Amino acid sequence: MKNLRFIIPLLLALVAVLCFTPAAWAFCGFYVAKADAKLYNKASQVVIARDGNRTVLTMANDFQGKVKDFAIVVPVPTVLKKEQVHVAEPEIIERLDAFSAPRLVEYFDPNPCSPPMNRALNFTAAPPMRHTARRGDRNLGVTVEARFNVGEYDILILSAKESDGLATWLNRNGYKIPRGANQLLKPYIRSAMKFFVAKVNLDKFEQSGYQFLRPLQISYQSPRFILPIRLGMINATTEQDLIVYILSPKGSAEITNYRTVKVPSNLNIPLFVKDEFGKFYKSLFQTAYIKEDRKVAFVEYTWDMSSCDPCSANPLTPEELKQAGVFWQDVPIRPYRSSVFITRLHIRYTRDQFPEDLMFQETSHRELFQGRYILQHPFTGNIQCPAATEYTHSLPQRFEQEAQNLARLTNWNIQDIRQKIKLSVGDLAN
Amino acid sequence: MLKDIRDYQILFLSLFLILGIGTRDWTLQPELIAVAITTCLTTQYLFSLVVGQEKTLNLRSALITSLGLSLLLRTDHWTTMVLAGTSAIAGKFIFQFRNKHFFNPANFGIICALVLTPNAWVSPGQWGEDWWYGLLFIGTGSMILQRVGRWDTTAAFLGAYSVLEAVRNFYLGWTWDVYWHRLMSGSLLLFALFMITDPRSIPNARTGRVVWAVCVAILTFILRNNFFLPTAVFWALFSLSPMTILLDNLWLAPRFSWLKRKVSTLNF
């Protein structure tokens, strides 16, 4: 009996080592690079925080021209008052982008000559882990529902009776409306939507001392969970990238009128990709986009925002989440709803494949998914033992698999990839 | 080739499931499909024992219901699937009028899961709008509808719905590709061909079915465009299912039977 007293804790300790060490190893891969929104030339970024029918929409401003020329017209479901419009800090979108961007992780092979138990553990290192009315305006059918100033922006909320009148009104008031816009304004007018119109107040902008225009944030109550993309496509001839961050207390969000597809993930790729991860992810995305016939929305990240693994950036603080539009954390009566679940959707759209505005729904799906690509470094130290031969012989096959993964993901030439692998790992590849 | 029409239905629904998992990368979990099948078959068996009104055990219909649930209902919890499966089959036995159930079992199960649990959802966009899926659904669906003689229901539903959407599209001034995009949804076709055509629960007489299908289309249209419900079709079918009793009284026709198909086809 006395002996048992020693044996039981020992056995327990062993069980603990066997059970938990792989998990510890499994997550030791650390984050090395990310493919964030800066990769794309014309990427718009939108943050939608939604609980029930309440929506807080933050639109990043990537306007490149002269500040005085900036103006946007966004169809909105309700009339917005001054307290429903805010100016957000650009950093908040950068934070969300960095937190949710597709990531590259790396793991290192251990010495194959070390005891077998450890080796078995180490090879599990890449686990599979599971987007005032003015007189005269009346006869154009345009009503100015509200006019106010927020930060560096002058805001107008318009309602209209017919599209030609609205287009004329906007042109008369100094907004350059692209040709063909009135045709596109009509469906929104007839759906009883209002128009959120913003331009820059130059005096305020100079006073503010900001270099760039800050994101506009609007909040409203409406059962419509949509994002109008058609207006933005009036003059577009090429494809446009849109990154939507959806924050919900429930779970991940998806698009209801287009397919939502996960971006290829959790694959081992050659080591040289470390130096060209941005290029790699762009090719990967383009390849997946073509493969899905250019008409799906890609999920790049779905995660509970209280954690990340591996982290490409620290999770957002409650204060930052609030800035991003999260409003339900202030209600302490409903503690189970205090969580924030993020879905990062990446949509590359063109006029012909995306004729309809995007419609979303939140679901209770809480699967954790991330665009994650794995580098597995071979052991390069001096090894001399029977297991070493086996290990060395297994490497070329592994490199070949990584080369094929990369070729399939990016559509790059397999011969070039093999050549680059040889250069990067040298003798090990033979 | 296969004797019972329901065998074709089982075959086609299984094919869609395999295609869905293989090519549409859904968040479908095999264990949940197993749970759905087990629950539906068990509930059917238990109710048959207790009620004992049918001479032969109707496992085919229960299997079809479970495949329908697997195709349409999404959840992360197996308990939700158990609830959906149980209520789907139980609804068939409980909500009867003159020995005829009037709720579509899979639809009833989906509505129960959506209302009673916080973790069920339906993904209307999951099939996309690929034309070959449309053709596949129409092809396989028509094979079955031809045999059970329920083309009228699908035609009335799709006809009425597409006219309403066309009027809306014209009124709003959207280009016509928006219209086609809305109509080409794989989920809508699957619903129109495989769900509202269940010959056992919908009205028996042709006129009754046409009136009923048009009502389902109108309600779907209103729920989708005025109340912005992504699950509009399921709610429309659910809320109009009891209307079957009324329509069966207004237009009389013998009830459909899987086993006496030849007798009932005489009515068409």
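Helices and strands here are DSSP runs, numbered from the N terminus. That numbering lets us say where A:Pro310 sits: in the loop between β16 (296-304) and α8 (318-323) of chain A. Keep in mind that this is a predicted model.

The peptide bond from A:Asp309 to A:Pro310 is cis. Its omega is near -5°.

Now step back and take in chain A. This chain has 10 helices and 20 strands. Of its 430 residues, 38% count as buried.

Some of those strands pair into sheets. One open sheet of chain A holds four strands, in the order β4-β9-β8-β7. The pairing in this sheet is antiparallel. Which strands stand at the edges? They are β4 (71-76) and β7 (142-150) of chain A. Each has a single partner strand, so one side of each is left without a neighbour in the sheet. From one strand to the next, the twist averages 20°.

Strand β7(A) is joined to β8 (residues 153-160) of chain A by eight bridges. The two strands run antiparallel. Across the pair, A:Arg147 stands opposite A:Leu156 in β8(A).

Another open sheet of chain A has three strands. Their order is β11-β18-β13, and again the pairing is antiparallel. The edges are β11 (226-227) and β13 (253-255) of chain A. Each of these two has a single partner strand, so one side of each lacks a neighbour in the sheet. How many bridges link β11(A) to β18 (residues 358-362) of chain A? There are two, in the antiparallel sense. A:Ile226 stands opposite A:Met359 in β18(A).

One more loop in chain A deserves a stop. A:Asp293 is found between α7 (277-291) and β16 of chain A. Its phi is near 65°, a positive value in a residue other than glycine. Is A:Asp293 buried or exposed? Count its C-beta neighbours inside 10 Å: there are 12, so A:Asp293 counts as exposed. The cut-off for exposed is 12 or fewer.

Turn to chain B. This chain has 13 helices and four strands. Buried residues make up 43% of its 268 residues. The C-alpha atoms fill a box of roughly 55 × 45 × 40 Å, taken along the principal axes. How does that chain compare with a compact globule? With 268 residues, such a globule would have a radius of gyration near 18 Å. Chain B has 18 Å, which agrees.

Take the contacts in chain B with a separation of 6 or more. Residues 24 or more positions apart account for 75% of them.

Chain B also has a loop residue with a positive phi. B:Phe228 is found between α10 (206-225) and α11 (232-240) of chain B. Its phi is near 55°, and the residue is not glycine. B:Phe228 has 18 C-beta neighbours inside 10 Å, so this residue counts as partly exposed.

The domain assignment divides chain B into domain 1 (5-122) and domain 2 (131-258). The C-alpha centres of these two domains of chain B lie 20 Å apart. Their contact takes 19 residues from domain 1 and 19 residues from domain 2. Which elements of domain 1 give two or more residues to the side that touches domain 2? They are α1 (5-23), β3 (100-101) and α5 (105-116) of chain B. The largest share, six residues, comes from α5(B). By class, this side of domain 1 divides into 12 nonpolar, five polar and two charged residues.

Finally, see how the two chains meet. In chain B, 24 residues are in contact with 25 residues of chain A. On the chain B side, α7 (151-172) and α8 (176-183) of chain B are the elements that give two or more residues. The largest share, four residues, comes from α8(B). This side of chain B has 10 nonpolar, nine polar and five charged residues.

Key:
Residues numbered from 1 in each chain as written. Chains lettered and ligands numbered in written order. Predicted model: local features only at pLDDT ≥ 70, side-chain atom pairs only at ≥ 80, totals over all residues. Rg over C-alpha atoms; globule rule 2.2 N^0.38 Å. Buried ≥ 20, exposed ≤ 12 C-beta atoms within 10 Å, placed from the backbone. Contact = placed C-beta atoms within 7 Å. Nonpolar A, V, L, I, M, F, W, Y, C, P; charged D, E, K, R; others polar. Pairing = 2+ DSSP bridges. Axes fitted to C-alpha atoms, helices over the stretch in contact; angles between N-to-C directions. Domains from an automatic or database assignment.
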